[in-house]
Amino acid sequence: MNKNTIILILAIIGGIVVAGWVLRLTLSLLGPLVVIGLGVVIYLALTGDKRIGGGK
């Protein structure tokens with residue numbers, strides 16, 4: 001094995017580890033984001049579907 005092959009293998013392993021951490025963070029934040037999204041949808045439905053910030 002030459003130097004480039006070892007660096008490539010280490011980069012692939014590092015990428016898999018980082019992707020795992022990102023996936024774990026995304027899944028842990030998915031619940032609160034869904035709850036916030038549902039809250040915004042319900043708020044817009046109850047206020048007559050007015051746009052946030054007003055309009056012209």
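The structure holds 0 aromatic pairs. The model is predicted, and its chain contains 1 helix and 0 strands.

Of the 56 residues in the chain, buried residues make up 2%. The accessible surface of the chain comes to about 5,200 Å², and carbon and sulfur atoms account for 76% of that surface.

W21 lies in helix 1, which covers residues 3–46. With a relative accessible area of 56%, W21 counts as exposed, because the cut-off for exposed is over 50%. The charged end of R24 sits over the ring of W21, at 5.2 Å from the ring centre.

W21 also belongs to a nonpolar patch on the surface.

The area and distance values are collected below.

| Item | Value |
|---|---|
| Accessible surface of the chain | about 5,200 Å² |
| Relative accessible area of W21 | 56% |
| Charged end of R24 to ring centre of W21 | 5.2 Å |

Conventions: Residues are numbered from 1 along each chain as its sequence is written. This is a predicted model: local features need pLDDT of at least 70, side-chain atom pairs count only at pLDDT 80 or more; totals for chains, interfaces and linings use all residues. Side-chain values use heavy atoms; hydrogens and water are left out. Patches are made of residues with over 30% relative accessible area and no salt bridge: like charges are joined within 9 Å, nonpolar side chains (Val, Leu, Ile, Met, Phe, Trp, Tyr) within 5 Å. Accessible areas come from the Shrake-Rupley method with a 1.4 Å probe; for residues, only the protein chains shown count as cover. A salt bridge is a side-chain nitrogen of Lys or Arg within 4 Å of a carboxyl oxygen of Asp or Glu. Helices (H or I, at least four residues) and strands (E, at least two) are DSSP runs, numbered from the N terminus. Buried means under 20% relative accessible area, exposed over 50%, partly exposed in between (1.4 Å probe, protein chains only). Rings of Phe, Tyr and Trp (its six-membered ring) pair if their centres lie within 6.5 Å; planes under 30 degrees apart count as stacked, over 60 as edge-to-face and the rest as tilted. A charge sits over a ring if NZ of Lys or CZ of Arg is within 6 Å of the ring centre and within 35 degrees of the ring normal.
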